[in-house]
Amino acid sequence: MLTFERLVPAPLEGNTDSDSIWQKGVSFTPGNLYSVYAPSGKGKSTLMHILLGIRRDFSGVYTIDGKDTAAYTPDDWAGLRRDRIATVYQDLKLFPQISAAENIELKASLTGFSSARWKAMAERLAIAHLLERPCRHLSMGQQQRVAIVRALSQPFQYLLMDEPVSHLDRENARLVIDLAMEEAATQGAAVLLTGLNVQDTPSEFQPVQI
Amino acid sequence: MKTEQFVLKVLAQSGKRRSLWLALAGAAAGLFLLSGAMQTTATFRSVMNRQKDLLGGDFLVINKKVSLLNTLSGRPGSFDDAEQKEIGKWPGIGAVGAFSGNRFKVRASFRAGMQASMPGLSTDMFLEAVPNDFIDTDKEGWGWEEGDDEIPLIIPADYLKLYNFGFAQGQGLPLVPESVLQSVSFDLAVYGNGKSASFRGRIAGFTNRIQSVLVPQEFMDYANAQFGEGTGGNPGRLILRADDPSDPALTQRFTAAGYEMAGGDRLRTSRINSLLLLMMGAVLSLALLMIVLALLGIVQFAQILVYRSARDLQVLYLLGCTPAQLAAPLKRRFTAQLGLAAGVALGLTLALHLLLNIGLQQKGFETQALPSWEAFGLLALAVPLLGILLRRAISQAVKEACSG
């Protein structure tokens, strides 16, 4: 379980509402689906970065399964990101100089994920025919789907997706959300999603208001 | 694609390779200077300590300075038991032996015609003996037992030079090589205490170290007992076994105590040794400076390489690679390159050793076949140390790059 206790990021210090998750605290439990809503600049990406251990500039406590993350080492975080927390970053963080397949394979080799499984996922998201192309030659929408397949190519208890469908049309966005929900269900994992409108969000997702 | 291959692929795209090779060449040069200076010093020291001599190579002869006081009293300064024991305790001194002299009369004579090339001559002479421990007694038939007619002698090489280049040339007499003189025997008449005896003397060998005529201790003890008059006092000269007879510190200590070291070549060697040590010190300082500069160059290259690829390394870290995993291929690559530099330094040191040996052998010096262990010991210390520093610098740079 990922839990924030009176956790306020440094940039939002003194600028949070009393009913926001920063003041009330929040927990994310494996098996549940969460859709995070917030106006622009209110800390959606900050939330994701704190959850991933990228940002440590906050007051309050962030625990994982009851253990304070303040004591985590870089190796601990690397292990968490490899084995328990899968992420689709808002800026995708793909390597433009290598092919889509190599980008995914890089992650799969790290986690021991089978290539047949990720290739099946690429097939489902309609990017199988693009896999040998360098990422820099793909459109933003195509790159977004490569990043999603890469994120899913590992074991996880939490799937963090920061605006994963911002460059996708409604049909492809639906494919991505369905795949993510299926994989999360298979692994018994939680999904945290940002960037979806309330009307586009499947009903299984609990709203989380920042 | 495996993570390691990918890290190397990413890093290969940044960094000027020429600057790395320059830094590596600097490291190789520095390491070579370090081991080369050590090798050169070791070679020259071993040559200086390996002069052929019947007497062991690691001893010294000392006496007290002859002063006006003991000239007037007619007694040269001698070493009593306490002084001998004290000297034996000095660092670097292994054993102390006393010279014993003859208390009987000795007359050596070459009869004319006894040997074709030698003129007839006869002379009074003196003999001395040192304990057998100080003489390589296995060689040249050294030693004497009661009843033996022949007495082996060691004489200063300078005596023969005096004869050959002073006396013989001036008198138009033939020159005598060492080997001829060693095959010549002469009459040695010993008398005193109302008795006399006749022996045959034979030159067993020559020495550059002791300005004396040495006979076996056994003969000296026998002859002093038979023909000697009066009792022997304290010895005027001591023979010392020293770990390194050319050690400048030892020379200084003797001078300070008012003792003279016999044999000018020892002192000269000591001075050359001091100079050699000074030069080695200067070269080693230069070598260390070069190594530090080269290490800085390599470390800086590695850091620039890491910082230029910081974004990619950070993404790999976010994908789940540990900093150690990311640093590993980089460390391996740089360690291999440092190993290459060390290999070059090692090869150059071996080549230097061979060239020095060939050069010295051509000039008639006896050299050591094996290279100096100090030179390689120094490399064996310096290279892992450099490796550790380099690996630490890489780890630090990768950690900083990961944490953004």
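## Conventions

A helix crossing is called left-handed if the near helix is turned anticlockwise from the far one by less than a right angle, and right-handed if clockwise. The structure is a predicted model, in which local features need pLDDT of at least 70 and side-chain atom pairs count only at pLDDT 80 or more, while totals for chains, interfaces and linings use all residues. Residues are numbered from 1 along each chain as its sequence is written, and chains are lettered from A and ligands numbered from 1 in the order in which they are written.

## Chain B in outline

Chain B contains 12 helices and 11 strands; these are DSSP runs numbered from the N terminus, helices being H or I of at least four residues and strands E of at least two. Among the contacts in chain B with a separation of 6 or more, 83% join residues 24 or more positions apart (a contact requires C-beta atoms, placed from the backbone, within 7 Å).

## The paired helices α11 and α12

In chain B, the axes of helix α11 (residues 323-362) and helix α12 (residues 373-402) come within 9 Å and cross at roughly 155°. Axes are lines fitted to C-alpha atoms, for helices over the stretch in contact, and angles run from 0 to 180 degrees between N-to-C directions. The angle makes α11(B) roughly antiparallel to α12(B) (over 145 degrees; under 35 is roughly parallel, 65 to 115 roughly perpendicular and the rest oblique). The crossing of α11(B) and α12(B) is right-handed. Residues making this contact include B:L326 and B:F334 of α11(B), and B:L379 and B:I394 of α12(B). By class, the contact has 17 nonpolar, 4 polar and 3 charged residues; Ala, Val, Leu, Ile, Met, Phe, Trp, Tyr, Cys and Pro count as nonpolar, Asp, Glu, Lys and Arg as charged, and the others, Gly among them, as polar.

## The five-stranded sheet

An open sheet of 5 strands in chain B has the order β5-β4-β8-β9-β7, with mixed pairing (two strands pair if DSSP finds at least two bridges between them). Its edge strands are β5 (121-125) and β7 (150-156) of chain B, and the twist averages 35° from one strand to the next. β7(B) pairs with strand β9 (residues 195-207) of chain B in the parallel sense over 7 bridges.

Helix α5 (residues 157-171) of chain B lies across β7 and β9 of chain B, at about 75° to β7(B). Helix α7 (residues 217-227) of chain B also packs on the sheet, where it touches β7, β8 (185-192) and β9 of chain B.

A second open sheet in chain B, of 4 strands, has the order β2-β10-β1-β11 with antiparallel pairing. Strand β1 (residues 59-64) of chain B is joined to β11(B) by 3 bridges, and B:N63 stands opposite B:E260 in β11(B).

B:I239 belongs to strand β10 (residues 237-242) of chain B. B:I239 counts as buried because it has 25 C-beta neighbours inside 10 Å. Beyond its neighbours within four places in sequence, its contacts include B:F59, B:V61 and B:V130. B:F99 lies 140 residues from B:I239 along the chain, yet their C-alpha atoms are separated by 7.1 Å.

## Where chains A and B meet

In the interface, 14 residues of chain A are in contact with 16 residues of chain B. On the side of chain A, α3 (74-83) and α4 (100-111) each supply at least two residues, and α4(A) gives the largest share, 7 residues. This side of chain A has 5 nonpolar, 2 polar and 7 charged residues.

Terms used. Buried ≥ 20, exposed ≤ 12 C-beta atoms within 10 Å, placed from the backbone. Contact = placed C-beta atoms within 7 Å.
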